[in-house]
Amino acid sequence: MRSTVNAMNKSLHHHSVEDYMTRTPHTLGKAQPAAKAKELMRELQIRHLPVLDGGKLVGVVSDRDIKVAESFRGAGELSVEEVMSADPYAVRADTSLKVVVTEMVRHKYGCAIVEDAHHKVIGIFTDIDGLKALSEHLG
């Protein structure tokens, strides 16, 4: 069993997050209504949306953020900016899969936003993508 774990560990070092990310994810502008985020997540069956301001990543909104916001009065009038998590975990596409997964576990992040060298959002790597990678490596 130990040799299987060691082999899988080595294999994960040779893969980048780009190998498993979802390319060109849907995004939202920070001024859009939180209700739009909820609708888009439901329609696309996703749980995380990168939030942009002028094309620049400024946050991520999750289905959990929406649920918490809905528990308050007047939540239907909130903007994405008011419910998002600022300073999302963002990585370059060539970042090691092991590094990304380790950080996500350590900080309990549900996703990593993947950017190119010019800080343009090019993908998203979610906990589900991590499980797909694990499943592939387990055979």
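**Close-up views of a predicted model**

**View 1. Strand S1 meets strand S8.** Strand S1 (residues 22-23) pairs with S8 in the antiparallel sense, over two bridges. Thr 22 stands opposite Ile 124 in S8. The model shown here and in the other views is predicted.

**View 2. Strand S8 is largely enclosed by the rest of the structure.** S8 covers residues 121-126. Five of its six residues are buried, so the strand is largely enclosed. Buried here means under 20% relative accessible area.

**View 3. S7 and S8 form a hairpin.** Strand S7 (residues 111-115) pairs with S8 over five bridges. The sense is antiparallel. Five residues lie between the two strands. His 119, in the turn, has a positive phi of about 65°.

**View 4. Four strands form an open sheet.** The strand order is S2-S3-S4-S5, and the pairing is mixed. Strand S2 (28-29) and strand S5 (85-86) are the edge strands. Each of these two pairs on one side only. Strand S4 (residues 56-62) pairs with S5 in the antiparallel sense, over two bridges. Gly 59 has Ala 86 in S5 as its bridge partner.

**View 5. Helix H2 packs on the sheet.** H2 touches S2, strand S3 (48-53) and S4. The direction of H2 makes about 140° with that of S3.

**View 6. Helix H3 lies across S4 and S5.** H3 runs at about 65° to S4.

**View 7. Helices H2 and H3 cross.** The axes of H2 (residues 34-44) and H3 (residues 63-70) come within 10 Å. They cross at roughly 135°. Angles over 145 degrees would count as roughly antiparallel, and those from 65 to 115 as roughly perpendicular. H2 and H3 are therefore oblique to each other. H2 passes H3 in a left-handed crossing.

**View 8. Side by side: the residues of the H2 contact with H3.** H2 contributes Ala 34, Ala 37, Lys 38 and Met 41. H3 contributes Asp 63, Ile 66 and Glu 70. Four of the contact residues are nonpolar and three are charged. No polar residue takes part.

Conventions. Residues numbered from 1 in each chain as written. Predicted model: local features only at pLDDT ≥ 70, side-chain atom pairs only at ≥ 80, totals over all residues. Heavy atoms only, no water. Axes fitted to C-alpha atoms, helices over the stretch in contact; angles between N-to-C directions. Parallel < 35°, antiparallel > 145°, perpendicular 65-115°, else oblique. Left-handed = near helix turned anticlockwise from the far one by under 90°. Contact = heavy atoms within 4.5 Å. Nonpolar A, V, L, I, M, F, W, Y, C, P; charged D, E, K, R; others polar. Pairing = 2+ DSSP bridges. Buried < 20%, exposed > 50% of the residue type's maximum accessible area, 1.4 Å probe, protein only.
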